[in-house]
Amino acid sequence: MQTPSDLRYTQNHEWVRVEDDKVFFGITDYAQYNLGDIVFVEIPEIDAEVTMEESIAVIESVKAVSEVFSPVSGTILEANEDLEDSPELINEAPYENWIGVISLDNGEELEDLLSADEYIAFCADLDE
């Protein structure tokens with residue numbers, strides 16, 4: 001399982017990369033592996049106001065339908081439209097193919113996210 005140390009993670013299996021006042025997010029390698037072949041991605045709505053842990057997107061795979069939750073509160077600034085036509089990009093490179101970008105309105109929320117080591121330990125507990 002790939003878990004880049006420069007990212008933060010949620011217990012809902014989203015990854016977060018902060019650049020200035022923007023939060024890029026997607027699903028983790030662990031999540032895409034467990035979902036299997038991804039066949040559809042409903043991307044978030046641009047300009048939507050979201051709160052931390054609110055459902056903002058949907059991923060469908062051959063195995064299941066899974067919600068994607070907002071890792072922070074803010075406004076959806078961008079959505080990766082490439083995923084609508086090529087949802088398998090998430091399976092191929094989950095950390096390069098972000099789902100959306102949220103404005104960082106409350107930097108304190110980042111403290112609630114997991115480090116790579118914490119996320120690895122969290123996933124290991126799930127697999128037991």
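These legends walk through several close-up views of the structure above. The model is a predicted one, in which local features need pLDDT of at least 70, side-chain atom pairs count only at pLDDT 80 or more, and totals for chains, interfaces and linings use all residues. Residues are numbered from 1 along each chain as its sequence is written, and side-chain values use heavy atoms, with hydrogens and water left out.

View 1. Helices (H or I, at least four residues) and strands (E, at least two) are DSSP runs, numbered from the N terminus. Two strands pair if DSSP finds at least two bridges between them. Strand 1 (residues 8-9) runs antiparallel to strand 2 (residues 14-19), and 2 bridges join them. Look for R8, whose bridge partner in strand 2 is V16. Strand 2 is also antiparallel to strand 3 (residues 22-27), this time with 6 bridges. Here R17 stands opposite F24 in strand 3. The hairpin of strand 2 and strand 3 has 2 residues between the strands, and D20 in its turn has a positive phi of about 55°.

View 2. Most residues other than glycine have a negative phi, and most peptide bonds are trans. H13 has a positive phi near 75°, and its place is the loop between strand 1 and strand 2. With a relative accessible area of 15%, H13 is buried (buried means under 20% relative accessible area, exposed over 50%, partly exposed in between, using a 1.4 Å probe and protein chains only). E53 also has a positive phi near 75°; find E53 in the loop between strand 5 (49-50) and strand 6. E53 counts as exposed, at 57% relative accessibility.

View 3. The 3 strands follow the order 4-6-7, and their pairing is antiparallel. Strand 4 (38-42) and strand 7 (65-69) are the edge strands, each pairing on one side only. Between strand 6 (residues 55-61) and strand 7 there are 5 bridges.

**View 4. Nonpolar residues gather in a core.** A nonpolar core is a set of buried Ala, Val, Leu, Ile, Met, Phe, Trp, Tyr and Cys residues joined through side-chain atoms within 4.5 Å. The largest core has 24 residues, and those touching the most other members are I27, V41, I59, V68, I90, I99 and I102. Strand 3, helix 1 (29-35), strand 4, strand 6 and strand 8 (74-79) each supply at least two residues of this core. A second, separate core has 13 residues, including Y9, W15, F24 and Y95.

**View 5. Helix 4 has a buried face.** Helix 4 (residues 116-127) has 12 residues that should span 16 Å at 1.5 Å a residue, and its end C-alpha atoms are 17 Å apart, which agrees (the expected span is 1.5 Å times one less than the number of residues). In this helix A116, Y119, F122 and C123 are buried. Seen down the axis, the buried residues of helix 4 fall within an arc of 120°, so they line one face of the helix (the arc is that of the directions from the helix axis to the C-beta atoms). These buried residues pack against strand 1 and helix 1, where contact means heavy atoms within 4.5 Å. On the other side of helix 4, D117 and D125 are exposed.
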